Amino acid sequence: MKKILFLLFVGILPFTLSAQSEEEIKKDFTGPVFEFENKVIDYGDIAANSDGNRIFKFKNIGKSPLIISSVKGSCGCTVPTKPEEPIMPGESGEIKVKYATNRIGPFSKQVTIMSNAYESKVILRIKGRVLENETAELQKKKSIVSDN
């Protein structure tokens, strides 16, 4: 019986200790904190060999400079670029991503960011579907016809 009570106590203890919310912890944190406009970019349906460049915008809402040590795409078709200079508290920055739109079909890729922020590892996503040129032209025509 003592073992059961002990296990029950140990099982409940973490819930009572985590009374402070994630937002309160971030607010009290003395280091940098990421705040992204969005963590997913949906390219939608795009034509083959079209512009594959997109931008993830963020702000350092923390209390010290944000230093991004690395950004990596989940494969060679996704090439991210990070800011080289530290992002000071209250300032904004951008992670640029280029997807190789010469690959036909749906895609869902990740960009992993490593930094000195509260959330030291952040995963961003891009998704969409690259259409063959003929399919893209047909969809464009359908869109024009349905708009009229």
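Author: Let us begin with a single pair of residues in this predicted model: Phe107 stands opposite Gly128 in strand 8.

Reader: How many bridges join strand 7 to strand 8, and do these strands run parallel or antiparallel?

Author: Strands of a sheet pair through backbone hydrogen bonds, in either a parallel or an antiparallel manner. Here strand 7 and strand 8 run antiparallel and are joined by 10 bridges.

Reader: What is the order of the strands in the open sheet?

Author: The four strands follow the order 2-8-7-4, and their pairing is mixed. Strand 2 and strand 4 stand at the edges; each has a single partner strand, so one side of each lacks a neighbour in the sheet. On average, neighbouring strands of this sheet are turned by 15 degrees against each other, direction ignored.

Reader: Which residues touch the most other members of the largest nonpolar core?

Author: They are Phe34 and Ile113, in a core of 24 residues. Strands 1, 2, 3, 4, 6, 7 and 8 each supply at least two residues of this core, and the largest share, four residues, comes from strand 8. Leaving aside neighbours within four places in sequence, Ile113 has contacts that include Phe34, Phe36, Ile68, Val71, Ile95, Val122 and Leu124.

Reader: Which residues form the disulfide?

Author: A disulfide is a covalent bond between the sulfur atoms of two cysteines. The structure holds one, formed by Cys75 and Cys77, with their sulfur atoms 2.4 Å apart.

Reader: Is Cys77 buried or exposed?

Author: Cys77 counts as buried, because its relative accessibility is 3% and the limit for buried is under 20%. Cys75, with a relative accessible area of 27%, is partly exposed.

Definitions and conventions. Residues numbered from 1 in each chain as written. Predicted model: local features only at pLDDT ≥ 70, side-chain atom pairs only at ≥ 80, totals over all residues. Heavy atoms only, no water. Core = buried A, V, L, I, M, F, W, Y, C linked by side-chain atoms within 4.5 Å. Buried < 20%, exposed > 50% of the residue type's maximum accessible area, 1.4 Å probe, protein only. Contact = heavy atoms within 4.5 Å. Disulfide = S-S within 2.5 Å. Pairing = 2+ DSSP bridges. Axes fitted to C-alpha atoms, helices over the stretch in contact; angles between N-to-C directions.
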